[in-house]
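Reader: I am new to this structure and would like to learn how to read its features one by one. Could you take me through them slowly?

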Amino acid sequence: MNQRFFGRLLLILALCAGLLADCQQESTPEATSAEPAISARHSSSLAVSADGRQLFVANPEADSISEIDTTERALVREILLAPTAPALDATLGAYTPSVMPRAVALSPDGHTLYVTGERSSSLYAIDVASGTLEKSVNVGSEPIGLILSADGASLFIACSQDSSVVRVDAASLTLTGAVTVPREPWALGWSGDGSTLLVTHLLGPGVTALDPNSMSVNATWTIPDSAARGDARLAHGQVRGIYDLASRPGTNELWIAHTLLGTDTAQPALNFESTAFPAISVLQSDGTYQRTLSTDAQDVPGVDGSFADVVSGPHALAFTSEGDYALVLDANSEDVMVLDATRRIESTLARPLPGKFPDGIVLSPDGNFTYVDERGSADIAVLKLDRSSGALTLTLDGAAIPRLTADPMPAPMRLGLELFNSANSSAYPITTDHWIACATCHMEGRSDAVTWLFTQGPRDTPSNAGGMLGTGFLFRTADRRKVQDYFHTINTEQGGRFDPTAEATLLDALSAYVNYALPLPIPPTTDPALVARGSELFDQSGCASCHAGPRFTDSGQGNPSLDLSGTITLHDVGTCVQSGAFPDVAHQDVLGNPRDACQFDTPSLNGAASTAPYLHDGSATTLSDAIAKMPGAPTSADALSALAEYVRSL
C-alpha cells in the first residue's frame with residue numbers, strides 16, 4: 001500500500017516537474033504559444049492534403065490547377081478555371097492567360113480548394129471530390145497571396161494592384177472586409193500565435209501586420225536596407241522582391257525572403273556580383289529587426305556570408321515542423337538551399353533541380369518529402385529529407401512529375417519564360433556563377449523600383465510588361481531597337497556569355513516571351529468620374545502630343561523600321577540630371593550613333609500604375625509628381641489628381 005502511494009507520489013512529482021519545465025520553456029523570450037491547426041501558415045502556389053496523398057499546384061500559364069497523386073507520382077486531373085485554355089491571339093500573336101492562377105489554399109476539411117486569379121481579379125472555389133469549379137468572386141485588381149483563418153471560415157487575399165487585403169467568407173464567397181495597405185501586397189502569413197495577419201510588399205518597405213478581425217493595420221515594419229561594406233561584392237543594397245515570409249515554429253521569429261539591390265555602385269564597376277544579393281531577413285514577432293542573412297563574394301579575405309553558395313532569387317520558404325531548418329527556394333539559380341535556422345548558416349544545397357523556374361515549395365505532412373513547383377518546365381520536383389547523418393540533407397527522389405495534360409503555351413515562349421527567369425549558368429550562358437537573371441531587376445517582368453547608375457547616367461528600371469512592340473525604340477535615350485539587343489545587358493550587367501549569332505535561337509525565344517507572353521498589368525481599381533475628367537485634361541494639356549497612339553508614345557515616329565541611324569524623336573522635358581556625382585552624359589547607341597545627354601525617349605504609359613518611381617532617374621515618387629514636372633502640366637492639385645487617375649487606368 002505504501003509502495004503504491006509513494007509510487008503515485010513520485011509519478012505526480014515527475015509530471016509536475018515536467019509541466020514546470022514546459023512552463024519555464026514557454027516563458028522564454030523565443031517561445032510562443034501553440035500554433036493553430038490550420039492547413040497552411042503562409043500563402044503558396046502549392047497545397048497538400050492532410051494525409052499527404054493529394055498535391056495541388058497553380059499553373060499560371062495554363063489557367064488551370066493540377067491535382068497530383070503523391071503516392072503514384074502522377075497527374076490525376078487538370079482543372080481549367082477559364083472557359084477555354086489559353087491560346088495565341090490569331091491577329092496579334094499574343095499569348096495571354098485570362099485567369100493566371102497564383103496561390104492555392106485547401107480548407108481544413110480538405111473538401112474545398114481556393115485559388116487566386118491574378119489576371120481575372122477573382123477568387124475561385126473548387127470542389128475537391130468532383131474537381132469542379134463551384135463559384136468565384138471578384139476581389140480586386142491582381143490578387144496574389146491567399147490564406148485561410150484557423151477555423152477555415154474566412155479567406156484573406158492580397159490584391160497587389162489595389163494595395164489592399166480583403167477578407168472573404170469561405171462558405172458564401174462574399175466580401176466581409178477590406179483594408180488599404182502600402183503598395184504591392186504580395187505574400188500572406190500568420191504570426192507564430194496566429195493572432196496577426198502578415199503581408200509582404202513586393203517592392204518594399206517590408207511587412208504590414210493586420211488585425212484579421214477588425215481588418216485594420218497594426219503596423220508596417222520596414223526591413224532596413226543593408227549598407228555598403230567597402231567591397232561592392234559584399235552583400236548590401238536596397239530591399240526588393242519580398243516574395244515570401246514564414247513564422248519559424250516554436251519561436252517568435254519571422255523570416256522574410258527577398259533580394260538586395262546594390263544601387264550605390266556605378267558602372268563600369270557595377271557588374272553581376274555587385275548588383276544583386278539573395279537575402280533572408282529575420283524579425284521578431286513585434287517587428288523588431290534582428291539581422292539579414294545573405295551571401296558574400298567568395299574571394300574577399302576574412303568575410304564569410306551566411307550562405308556558402310551563390311544563389312539568386314529567393315521566392316519561397318518552408319520550415320521543418322521542429323523549426324530547426326529552413327528550406328529556401330531560389331527561383332533564379334534554380335535550387336533549394338537548407339539553412340540551419342538556429343546557427344543561421346547554410347547547411348546544404350540541392351542543385352540542380354530537374355526542371356526550370358521553381359516558384360513554390362511545400363513539405364509533406366510527415367516531413368519526409370518536399371514538393372517544388374517548377375513553373376518554367378510545368379512539373380513537380382520531389383526531394384527526400386534525410387536526417388540519418390545528424391544534419392538535414394535533400395536528395396532528388398525520382399523523376400519530375402508532369403502536371404499538364406498538354407501545354408498550351410507555344411514552345412518558344414515557354415523557353416523564353418525559362419530564360420527570362422533563369423540565372424542557372426549551368427544551363428544557359430545567361431550569367432556567371434548562378435548570380436543574376438533578367439527577372440532579378442525586371443521583377444514579375446516589370447520593375448524593381450530602383451535607379452541604377454549606368455554609363456549613360458542614372459536610369460530607373462523600366463517595365464517589360466506588355467512587350468516592346470509598338471513602344472518604339474528601347475532604353476531611355478533610344479539606344480536599342482529590339483529585345484534581341486539585350487544580349488548587351490546579359491553580357492555586361494549579368495556576366496553572361498551570349499553570342500548574338502550562336503545564341504540567336506535563345507535570343508529569339510526571349511524576345512517571343514517578352515513581346516507576346518508578358519502581359520500588361522491589370523490596372524488598379526479607379527474612380528470612373530475622375531478617370532473621365534483626367535482623359536479630358538490629358539488632351540487639353542497637350543500630353544497626347546507625345547504620349548500618342550495605342551501605346552501612348554511617339555517613340556519611332558516617322559521611322560517605322562526603327563533604324564537607329566534614321567529619324568529619332570527625343571525630347572528635353574527638363575528632367576536631365578546635370579549636377580551631382582552622377583549626371584546624364586552624352587553617349588552612343590549600340591551602333592555608335594551619338595545620343596545627347598538631355599534628350600529622352602517617350603515612355604509608354606500602359607501599366608504605369610505599377611512602375612513607380614517615375615522619370616528616367618526615378619526622381620518622381622508618384623504619378624502626380626511626374627505629371628507636375630511636364631511642360632504645360634496643370635498646377636492645381638485637383639487637375640493633377642484627375643490626370644494621375646487617368647494614367648493609372650491605362
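This is a predicted model: local features need pLDDT of at least 70, side-chain atom pairs count only at pLDDT 80 or more; totals for chains, interfaces and linings use all residues.

Reader: In what order do the strands β5, β6, β7 and β8 form an open sheet?

Author: Strands of a sheet pair through backbone hydrogen bonds, either parallel or antiparallel. Strands (E, at least two residues) and helices (H or I, at least four) are DSSP runs numbered from the N terminus, and two strands pair if DSSP finds at least two bridges between them. Here 4 strands form an open sheet in the order β5-β6-β7-β8, with antiparallel pairing. Because β5 (101-106) and β8 (132-138) stand at the edges with a single partner strand each, one side of each is left without a neighbour in the sheet. From one strand to the next, the twist averages 20°. Between β6 (residues 112-117) and β7 (residues 122-127) there are 6 bridges, and Thr-116 stands opposite Leu-123 in β7.

Reader: How do the axes of helices α7 and α9 cross?

Author: Axes are lines fitted to C-alpha atoms, for helices over the stretch in contact, and angles run from 0 to 180 degrees between N-to-C directions. Angles under 35 degrees count as roughly parallel, over 145 as roughly antiparallel, 65 to 115 as roughly perpendicular and the rest as oblique. The axes of α7 (residues 528-540) and α9 (residues 637-648) come within 7 Å and cross at roughly 100°, and the two helices are therefore roughly perpendicular to each other. Among the residues that meet (contact means heavy atoms within 4.5 Å) are Leu-537 and Phe-538 in α7 and Leu-643 and Tyr-646 in α9.

Reader: Is Leu-643 buried or exposed?

Author: Buried means under 20% relative accessible area, exposed over 50%, and partly exposed in between (1.4 Å probe, protein chains only). Leu-643, found in helix α9, counts as buried at 1% relative accessibility. Leaving aside neighbours within four places in sequence, Leu-643 is in contact with residues including Gly-534, Cys-543 and Pro-634.

Reader: How many aromatic pairs are there?

Author: A pair of aromatic rings is described by the distance of the centres and the angle of the planes. Rings of Phe, Tyr and Trp (its six-membered ring) pair if their centres lie within 6.5 Å, and planes under 30 degrees apart count as stacked, over 60 as edge-to-face and the rest as tilted. By this rule the count comes to 9 aromatic pairs. One of them is the edge-to-face pair of Trp-255 and Phe-319, 5.3 Å centre to centre with 80° between the planes. Trp-255 lies in strand β18 and Phe-319 in strand β21 (residues 314-319), 64 residues apart.

Terms used. Residues are numbered from 1 along each chain as its sequence is written. Side-chain values use heavy atoms; hydrogens and water are left out.
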